[in-house]
Amino acid sequence: MKLWLGMGVALVLFSGCNSTQNIQLERKNAQQALIIQQQQLKIEALSKVLTSKKQGRSRTRTVVPRTKKNIKLKKVEDNNFNSDYMYPQTRSTPKAKKVTKLAQAETATTTSSMMGKAECIAMIGQEKFDKYTQMFGSESASIKRCKMLKAMRN
């Protein structure tokens with residue numbers, strides 16, 4: 001009998017705890033469902049507002065109001081116009097400069113190509129001429145070096 005009484009008390013306790021846990025879970029579920037429904041209503045209201053604004057934008061165009069100022073154009077006096085200044089006739093001078101530069105370059109190359117050993121030694125000195133001859137292996141290479149130095153100086 002004590003055994004049955006102990007089991008009965010245990011069953012009542014377990015069933016009571018189980019039912020309170022179920023009630024608590026049902027309350028939490030109901031609260032969460034209510035929160036979800038409220039959020040869905042807010043989302044629907046916002047989407048309706050957005051769609052109405054989008055449709056309203058496409059239907060109506062904003063018109064920029066015109067200014068009320070009456071702008072009067074001023075008459076421009078062009079008495080300082082000079083056709084010689086605006087349209088100079090000296091366009092052929094750059095070509096002449098190019099031709100003279102080319103002629104000078106041609107004469108420089110012909111004179112530099114005629115440079116000899118004596119002129120090179122006079123320009124850079126005997127020691128450097130010998131040094132360049134040893135470095136480059138021949139006198140003609142050192143004379144080319146002198147030509148290059150002379151061209152750079154000019």
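Let us start with Ala118, which sits in helix α4. In this predicted model, Ala118 is exposed, with a relative accessibility of 61%. Its C-alpha atom lies 9.7 Å from that of Ile143, a residue 25 positions away along the chain.

Now to the charged residues. Side chains of opposite charge can pair when their charged atoms come close. Counting a Lys or Arg side-chain nitrogen within 4 Å of an Asp or Glu carboxyl oxygen, the model holds two salt bridges. Here they are together:

| Salt bridge | N to O distance | Separation in sequence |
|---|---|---|
| Glu119 and Lys150 | 3.1 Å | 31 residues |

How accessible are the two partners? Glu139 is partly exposed, at a relative accessible area of 38%, and Lys117 is partly exposed as well, at 37%.

The other salt bridge joins the side chains of Glu119 and Lys150, at 3.1 Å from N to O. Because Glu119 lies in helix α4 and Lys150 in helix α6, this pair ties together parts of the chain that are 31 residues apart in sequence. Glu119 has a relative accessibility of 37% and so counts as partly exposed.

Note on methods:
Residues numbered from 1 in each chain as written. Predicted model: local features only at pLDDT ≥ 70, side-chain atom pairs only at ≥ 80, totals over all residues. Heavy atoms only, no water. Buried < 20%, exposed > 50% of the residue type's maximum accessible area, 1.4 Å probe, protein only. Helix = DSSP H or I, 4+ residues; strand = E, 2+ residues; numbered from the N terminus.
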